[in-house]
Amino acid sequence: SDPDHGTRQGSTVLKSLEQNSFSSPIEEIEHTLVHPAQGPEMASALLTWPIYTALLTCSLTSTIAWDYTAAIPGLKASQLVFDDVPGFTRSVQRDTYSLVAPESQVWQPHPRWPGALTAHLISPAVKANFAMFFAKLGLNSTGTSPATGVERFIFVLGGELTLDVVGENAPVQLTYNDYAYLPPGQEHSLSTSSEASLLVFERRYAGQGSPDFVHGHTEDSPLLPVPGEVFRLRKLVPQTPAYDFNIHIMDFSPGEHLNVKEMHYNQHGLLLLAGKGIYRLNEDWHAVQAGDVIWMAPYVPQWYAALGTQPTRYLIYKDTTLDPLETPWLGQGAAASACGCAARSCNAA
């Protein structure tokens, strides 16, 4: 009946922190909850005190050691036992979405990646406005610049990578959980002294301005507010009109889910980096796990819930900062992207 009861008890916790040697607020809170004899009223108040939830979320996010092993292609031991059953696959191709499970990845050489192997997962062939693929590099393999007018984003899933960028003072060393954005026309090459597994996005630049070369480490990107949602969000590409897409990192604790059942004009390319759950796409419901890739067309209904005992992390491409009236859609966008010209003037069938 006392509306200030929780606030007063919360203040008691903060004072107690000053008098004890606990290593963190969470340790103090857990100590109080586990030992109610030392403060039963305090323990009850904490469960409704807003800062408890905030501290707990912060602690969980900062202490997770993300393991992308299950997302690295080719490591069959990390996948479900039944994914080698003859003829069985969870992969699905629809007009408005694709689900590509690890057992359906096809590896082959690529002219711009000499000596390496690539597995293209999404491309304009499915009416996407971008390409998304895995690349595996070894000692005698390299990655070269994409075609004229194409921008590239790389994300390191495992191993170590040297990125030589023309105009930079020194090569950039990238390792697990690092990324780099390379604007159109930015000449560069990639190599490794051992081996490296990469996720790569490419699209024909459609923005306005002159985007810069950007690189960094995922965990160094700040957590951003997500009003009305519970997941944790990071954005790896600058949010300015010069950049026509972004890469989001989204984290869910087990049992958490999207609150909005989304429908929007933006396209998505998603890789589940860790965890498992249920993805709704259109009227279909799919069990998904680390290593799965999803393409989502404009306006396909989409929703995700994290299941199991491990947290979920996924990486997702989203075309941004573009006027919807100027954004090619499906067949129009696929034809324009495939032939390399503007959507309004492309005469490809």
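## Aromatic cluster

In this predicted model, ring pairs join Phe-130, Tyr-181, Phe-201, Tyr-243, Phe-245 and Tyr-317 into a cluster. Rings of Phe, Tyr and Trp (its six-membered ring) are taken as a pair if their centres lie within 6.5 Å, with planes under 30 degrees apart counted as stacked, over 60 as edge-to-face and the rest as tilted. By this rule the count comes to 18 aromatic pairs.

Tyr-181 belongs to strand 9 (residues 178-182) and Tyr-243 to the loop between strand 13 (232-235) and strand 14 (245-252), so the pair ties together parts that are 62 residues apart in sequence; strands (E, at least two residues) are DSSP runs, numbered from the N terminus. Tyr-181 is buried at 2% relative accessibility, and Tyr-243 is buried with a relative accessible area of 6%, where buried means under 20% relative accessible area (1.4 Å probe, protein chains only).

## A tilted tyrosine pair

The ring centres of Tyr-279 and Tyr-304 are 5.2 Å apart and their planes are at 40°, so this pair is tilted. Tyr-279 in strand 16 (residues 276-281) and Tyr-304 in strand 19 (residues 302-307) are 25 residues apart, and their pairing links distant parts of the chain. Both Tyr-279 and Tyr-304 are buried.

## A charge over a ring

Lys-136 lies over the face of Trp-107, at 4.2 Å from the ring centre; the criterion is NZ of Lys or CZ of Arg within 6 Å of the ring centre and within 35 degrees of the ring normal.

## Basis of the values

Residues are numbered from 1 along each chain as its sequence is written, and side-chain values use heavy atoms, with hydrogens and water left out. Because the model is predicted, local features need pLDDT of at least 70 and side-chain atom pairs count only at pLDDT 80 or more, whereas totals for chains, interfaces and linings use all residues.

Definitions and conventions. Helices (H or I, at least four residues) and strands (E, at least two) are DSSP runs, numbered from the N terminus. Buried means under 20% relative accessible area, exposed over 50%, partly exposed in between (1.4 Å probe, protein chains only).
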